[in-house]
Amino acid sequence: MVGRAPHVCKTKMFIYRVSDITRHLKDLLDSDELLQDLWVAGEVSNLSRAPSGHLYFTVKDADSQLACVMWRSQVARLAALPKDGDHVILHGYITIYENRGVYQFYADMLQAEGIGLLAAQFEELKARLAAEGLFDAAHKRPLPALPRCIGIVTSTTGAVLHDMLNILRRRYRLARLLIAPSAVQGADAPRQIVAALSALQAVGTVDVIIVARGGGSLEDLWAFNDETVARAIYNCTVPVISAVGHEVDYTIADFVADLRAPTPSAAAELVAPDQGELAARVESSRRRLLELMRAHVQQGRSRVAAEQRALLRLSPRLVLDQQRQRVDDLWQRARAVIGHELLLRREHTRGLGIHLQALSPLAVLQRGFAIVWRAGGREVVSQVQQVRSGDALQIQVSNGRFAAVVGGDGARKRNRHGGNSEQLSLGLDGE
Amino acid sequence: MPELSFEEALAKLEETVRRLEAGNLPLDEAVALFEEGTRLARLCNERLDAAELKVSQLMQTPGGEYVEHELYADTDTGDEQESDQ
């Protein structure tokens, strides 16, 4: 229609507005798959950074050039700003900037060219999936403590599987291993890995999956940087351990997995505890049981003992005993008081005795006096007139008596002291 | 509970210890727990001693379905392949 000569068909001529044709071109470009997901390599020139933070530059090679824009948000993710003359790899899409009617490359990623295309793609996918939240720690699930069925996605050719089986056989024999064979390198590997993952999930009993591959070059490991593999791991219904390459190799699968193991052998150790540790756990529980039981019985015993003591305190026998003791106490006190009284009396009595003795005539006899009794011992002779010559007398001295007879006329000589009556003087001798 | 797996037995054992630890149990309950725990510990050890790693491989049938195929001992894990990679 547009191509027809205007003068041939004047009535049907259609005149487009500039914006219409620009819109048409934009639609054409936007619907082109290649232009919407594009990697471009070239040299940076005319670089300028607008006050808004957006980056405007041109990439060129020997024959042509391409106007580029990078928005501030993507610029912020760059490790370093490019400068004129840098050889770079860009990822982005091409569309028309309608205001000026120019086509431009809108870059969302920029890498120094030296890094290689694979690395650049790796960085792009990593940044994109990270922005989408696929690597978020919140999404990481804990591994089952004691897995019962471990799924392994790997190649059955090679030492990797063999090593993992050996390690598990040595450390943890409580699980069933389910191997889902898959190519782990080459163009078909991503599809096979995704299929193996879904086959393991379909089994239903698998409670953890290891995706493993031995070491190799960046290209060898490339299947694990595939977006479909990353999403399959992210969407897996059970926890996934990635174990790809050597310790230094990081793949997208590592970032998206619930746990990254540095090597396949390490994955075989991380997926389950050592049986020896489990045996130790059982043993410690068993000991704890014994301890607790012993403590329980001990506690019971001491409670019984405490109750027994309480019971004893309340026993009537104890009350009786106490009364008995009280009686004893009273008795003791009474005895003490009485004893004291007795002692006092005894002392007093003894004092009286001594006094009495001092007054006793017997004490006088000790000093040589004698008592004269008329015979018969009933009458003490204290006057001369009481006796006559020839009377029988009894003379009492300190240690006994003896008989005597009154001589002469006792009455006659009664006033003469010191007279010579021998019998009489007998008694008075010594005075 | 005759067919307890090791992990079930271990979980029950540790739960039994916890309950006994919590205390405040009548003596016969404590004794019952203790006997149960002792039995579980024995069961755990038996399971550990008897455990043998079982290895199966998923094989795809021509119809596209997956079937499990049991592998036996070390020799079955890829004898013809141990040379490469």
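This is a predicted model: local features need pLDDT of at least 70, side-chain atom pairs count only at pLDDT 80 or more; totals for chains, interfaces and linings use all residues.

Residues are numbered from 1 along each chain as its sequence is written, chains are lettered from A and ligands numbered from 1 in the order in which they are written, and side-chain values use heavy atoms, with hydrogens and water left out.

A word on naming: helices (H or I, at least four residues) and strands (E, at least two) are DSSP runs, numbered from the N terminus.

The barrel, then. In chain A, 5 strands close into it in the order β1-β2-β3-β5-β4, with mixed pairing; two strands pair if DSSP finds at least two bridges between them. On average, neighbouring strands of this sheet are turned by 55° against each other, direction ignored. Axes here are lines fitted to C-alpha atoms, for helices over the stretch in contact, and angles run from 0 to 180 degrees between N-to-C directions. Strands β1 (residues 38-49) and β4 (residues 87-97) of chain A run antiparallel and are joined by 6 bridges. A:E43 has A:H87 in β4(A) as its bridge partner.

Helix α1 (residues 18-30) of chain A lies across β4 and β5 (102-112) of chain A, at about 135° to β4(A). Contact means heavy atoms within 4.5 Å.

Which residues of α1(A) are buried? They are A:T22, A:K26 and A:L29, where buried means under 20% relative accessible area, with a 1.4 Å probe and protein chains only. Seen down the axis of α1(A), these fall within an arc of 65°, so they line one face of the helix; the arc is that of the directions from the helix axis to the C-beta atoms. Their cover includes α2 (33-36), β4 and β5 of chain A.

Last, strand β9 (residues 240-244) of chain A, where 5 of 5 residues are buried. A:V240, A:S242 and A:V244 are on one side, A:I241 and A:A243 on the other. Strand β8 (residues 208-213) of chain A pairs with β9(A) in the parallel sense over 5 bridges, and A:I209 stands opposite A:V240. On the other pairing, β9(A) and β10 (residues 259-260) of chain A are parallel over 2 bridges, with A:S242 opposite A:R260.

Note on methods:
Buried means under 20% relative accessible area, exposed over 50%, partly exposed in between (1.4 Å probe, protein chains only).
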